[in-house]
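Please read them with the structure open.

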Amino acid sequence: MHPAPIAQRLTRPSPLRTHTFGEYRLTHLPDGLVQLNPTGWFPGLTAADAAGFADHLDAEGCLVAAIGGLLVRYRDRALLIDTGYGPRRLAADRTHPALGALGGGGLLDSLAEAGVAPGEIDTVAFTHLHDDHVGWAFLGSERGPLFSAASFVLSTAEWRGGGYGQIPAALHDRVRPAGDGQEVFPGVTLRESPGHTGGHAAYVLTGDGGDRLVVAGDVMHSPLQVAHPEWPVFFDSDADTAVRTRTAFLRDAATPGTVVYAGHFADVVFGRVRADGGGHLWDPLP
Ligand SMILES: [Zn+2]
């Protein structure tokens, strides 16, 4: 298989992609996509600014954000970080001016393609509780959740800051709130990274030898933000905190031996952050 040229990968959502990391197998499970209206998503940017990154825009002038989850397999264990949007679709005129069309539905097929049944997932970890991250987790929770054997991890701050009301009551006895630095799965720790939501969490997987895979969640939504962490994001609940979090995240991610998984990054969801002058650039994995 020939790898697709980068120009194509910036304007489409990622297909199923696997990255092997020591004993861990990491798989991006596609669910769907959401279009981001660049001047709505990044308030303050103009159409002229957007013309400067036309290579990131689809035929309708939107950034393409992948939606999905990250499957982490380790020995006989399986962790799923975020669960997509679920089987529904909204046309652009039914979403929000900062968005275009929004839809999911592919995650279960992706999981099957990866060879894992929903009941084999022992841990579901959320970066935060927005719709495009919890979609499949709460489906049918009255009859018993799809991820029938899973406990549900989120940051203690997200749980206390509204999560208790957002997660169906039938699942509350499965919820495992975790604090900064706490291990939630073998080798995987939660890292508080507030700004997009008050209790947003990144996750850090440390393999043998100290190499790391860092899950960005919605610290960033587009590879453009690697060079521009200062751009405000319409849906960040606290813009100043989000900019500080992004900036610190990038500085840490530029440490040698670190791979980043940024699940909204079109078809460049796995990559490395490279220091460049005073800033950073995104180097997608092939
Ligand atoms: Zn999101």
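1. Strand β1 (residues 17-21) pairs with β2 in the antiparallel sense over 5 bridges. Strands here, like helices, are DSSP runs numbered from the N terminus, with at least two residues (E) for a strand and at least four (H or I) for a helix; two strands pair if DSSP finds at least two bridges between them. Thr20 has Arg25 in β2 as its bridge partner. The two strands form a hairpin with 2 residues between them, and Gly22 in the turn has a positive phi of about 55 degrees.

2. The model is a predicted one: local features need pLDDT of at least 70, side-chain atom pairs count only at pLDDT 80 or more, and totals for chains, interfaces and linings use all residues. Residues are numbered from 1 along each chain as its sequence is written.

3. With β3 it pairs in the antiparallel sense over 12 bridges, and Thr27 has Leu71 in β3 as its bridge partner. With strand β6 (residues 99-103), β2 pairs in the antiparallel sense over 3 bridges; Leu33 stands opposite Gly103 in β6.

4. Why is strand β2 (residues 24-36) described as largely enclosed by the rest of the structure? Because 12 of its 13 residues are buried. A residue is buried if 20 or more other C-beta atoms, placed from the backbone, lie within 10 Å of its own, exposed if 12 or fewer do, and partly exposed in between.

5. The largest nonpolar core has 76 residues, and Val72, Val124, Tyr203, Ala216 and Tyr261 have the most contacts inside it. Strand β3 (residues 63-74) gives the largest share of this core, 8 residues. A nonpolar core is a set of buried Ala, Val, Leu, Ile, Met, Phe, Trp, Tyr and Cys residues joined through C-beta atoms within 7 Å.

6. Which residues does Val72 contact, leaving aside its neighbours within four places in sequence? They are Tyr24, Leu26, Leu79, Ile81, Phe185, Val188 and Leu205. Contact means that the C-beta atoms of two residues, placed from the backbone, lie within 7 Å.

7. Two residues other than glycine have positive phi. Arg75, at about 50 degrees, is in the loop between β3 and β4 (77-81). It counts as exposed because it has 8 C-beta neighbours inside 10 Å. Asp82, with phi near 70 degrees, is in the loop between β4 and β5 (89-90). Asp82 has 29 other C-beta atoms within 10 Å and is therefore buried.

8. Glu60 is in the loop between α3 (47-51) and β3. It has 11 C-beta neighbours inside 10 Å, so it counts as exposed. Leaving aside neighbours within four places in sequence, Glu60 contacts Gln35 and Gly100. Glu60 and Gly100 are 40 residues apart along the chain, with their C-alpha atoms separated by 9.0 Å.

9. As for the chain overall, there are 8 helices and 16 strands. Of its 286 residues, 48% count as buried. Among contacts with a separation of 6 or more, 65% are between residues 24 or more positions apart.

10. The C-alpha atoms fill a box of roughly 50 × 45 × 40 Å, taken along the principal axes.
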